[in-house]
Amino acid sequence: MLTGVTIVDFSRHLPGPICTMRLADLGAEVIEVEPFHDKTHSPLIRPSHPEARETGAFYLRSHRNHKSISLNLRTNEGKALAFALARQADVVVESYRPGVMRHLGLDYDRLFEMHPAVIYCSVTGYGQSGELYQIGGHDLNVQAVSGFLSLVRDLEGKPVVADIPLSDYALGLYASEQICAALVQRARTGRGAYLDVSSADLFSSWTGLHALFMSYNSSIGRETGRGSLLAYQVYETADGQYVALAALEEKFWLNFCRAVGRADWELCHRASVSLHPEVFDDMKALFLSRTQAEWSELGSEVDCCLTAVEDWENWVDNPYVANREIAYTLPYLEKKSPDHEESLAHRYRAERLSPPWHTDYTYELLKRKLNLTEEDLSRLQRQGVIPAASL
């Protein structure tokens, strides 16, 4: 759907690459600009976990279908090459702190003078203005600042720190949506756009929507919200696994009660755990009487919003993922012998080679996009602007 669209990606960390990965999956050509400083060339985002680094799982998670180009942006030549690539692009994505791209001479205002049709997307935590725009932060900070974290609590009322970087993934999705909308606008009007996309903005808007809902349902508070309902809980099963029951609507709750032979629970449709602890204890005991697979089978037979809590470690084998063909195959995940892994890691450290999953397209792209000759490339390599050609 985006074949013919070229994106130059200066972003780092997770949200920006997630955004451009989605656009690449839709057919766009993504040129990922990685920093190169003479002989210290390395992938822009390198996981600390050795196995993730060597197999390429981390990289392929968010950088698949990207073509990497390595430029020394500390040099005038490197900045000029980056600007020339951006000038030809349909979309530019960056995720530096506000002001960094201006310092590099790669900011929207300068690019707009030469390329007014460009779509320029800045992906940050706190946006390009406001009290926090220069403050560092991570996913947890964004959830906290936006008020989102206060909505995700454990049974003791403490905000829960999720393992999944939710705001980072959401921001990548949101940024790709904004870029696609800007591409449609440009196709209709010829105008480009500057997109200030912030994860704190996004999560604050989600919190605001929830607050609006709560204000119109004043009877719903922390003690009576859906997370406190008997019908909306995660229950442990006989094999130490879990299932999720989300029978919010009365029809689903009645179906569940009848399926398990507990007609006496039917009037507890909107009942809370705190007001009916005896029913909650009975329900926990009931779910502990069957395995997750047995409850999952009941959920597939009875329309009651009952599903297994699938284990992320077995994600590829998840029936839904398999049936919908969602899994993306990582070609280097095959387990090798410990000796092989050790030797591979040693070779990588000793020779400073890019891992087998990281391909550098610097020479190819500079030739094709900017018509540079072999002589030009040799000169740039000698000047420390680009790395030596990969073998």
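How many bridges join strand β8 to β9, and in which direction do these strands run? In this predicted model, 3 bridges join β8, residues 242–246, to β9, and the two strands run antiparallel. That pair belongs to an open sheet of 3 strands, while a further open sheet consists of 6 strands paired in parallel.

**The antiparallel sheet**

- The order of the 3 strands is β7-β8-β9, with antiparallel pairing, and the edge positions are held by β7 (232–236) and β9 (306–308), each of which pairs on one side only.
- Neighbouring strands in this sheet are turned against each other by 20° on average, with direction ignored.
- Helix α12, at residues 292–301, lies across β8 and β9 and runs at about 140° to β9.

**The parallel sheet**

- The 6 strands follow the order β3-β2-β1-β4-β5-β6 in an open sheet with parallel pairing.
- Because β3 and β6 (193–198) stand at the edges with a single partner strand each, one side of each is left without a neighbour in the sheet.
- From one strand to the next, the twist averages 20°.
- Strand β1 is joined by 3 bridges to β4, residues 91–94, and these two run parallel; valine 8 stands opposite valine 92 in β4.
- Helix α1, residues 15–25, packs on the sheet with contacts to β1, β2, β3, β4 and β5 (119–124), and its direction makes about 165° with that of β1.
- Helix α8 lies across β4, β5 and β6, running at about 165° to β6.

**Nonpolar cores**

- In soluble globular proteins, nonpolar side chains tend to be buried together.
- The largest nonpolar core has 31 residues, of which Phe10, Ile69, Leu71, Leu81, Val92, Leu366 and Ile386 touch the most other members.
- At least two residues of this core are supplied by each of β2 (29–35), β3 (66–71), α4 (76–88), α6 (108–114), α15 (362–370) and α16 (374–382), and the largest share, 5 residues, comes from α4.
- A second, separate core has 24 residues, among them Ala231, Tyr235, Phe280 and Cys304.

- The buried residues of α15 are Thr362, Tyr363, Leu365, Leu366, Lys369 and Leu370, and what covers them includes β1 (6–9), β2, β3, α4 and α16.
- Leaving aside residues up to four places away in sequence, leucine 366 touches Ile69, Leu81, Asn371, Leu372, Leu377 and Ile386.
- Just after α15, asparagine 371 takes a positive phi of about 60°.

**The pair α7 and α8**

- Helix α7 (residues 139–146) packs with helix α8 (residues 166–189) at an angle of about 85°, their axes lying 7 Å apart, which means that α7 is roughly perpendicular to α8.
- In this contact, Asp139, Val142 and Gln143 of α7 meet Leu166, Ser167 and Asp168 of α8, and by class the contact has 2 nonpolar, 2 polar and 2 charged residues.

Technical notes. Residues are numbered from 1 along each chain as its sequence is written. This is a predicted model: local features need pLDDT of at least 70, side-chain atom pairs count only at pLDDT 80 or more; totals for chains, interfaces and linings use all residues. Side-chain values use heavy atoms; hydrogens and water are left out. Two strands pair if DSSP finds at least two bridges between them. Helices (H or I, at least four residues) and strands (E, at least two) are DSSP runs, numbered from the N terminus. Axes are lines fitted to C-alpha atoms, for helices over the stretch in contact, and angles run from 0 to 180 degrees between N-to-C directions. Contact means heavy atoms within 4.5 Å. A nonpolar core is a set of buried Ala, Val, Leu, Ile, Met, Phe, Trp, Tyr and Cys residues joined through side-chain atoms within 4.5 Å. Buried means under 20% relative accessible area, exposed over 50%, partly exposed in between (1.4 Å probe, protein chains only). Angles under 35 degrees count as roughly parallel, over 145 as roughly antiparallel, 65 to 115 as roughly perpendicular and the rest as oblique. Ala, Val, Leu, Ile, Met, Phe, Trp, Tyr, Cys and Pro count as nonpolar, Asp, Glu, Lys and Arg as charged, and the others, Gly among them, as polar.
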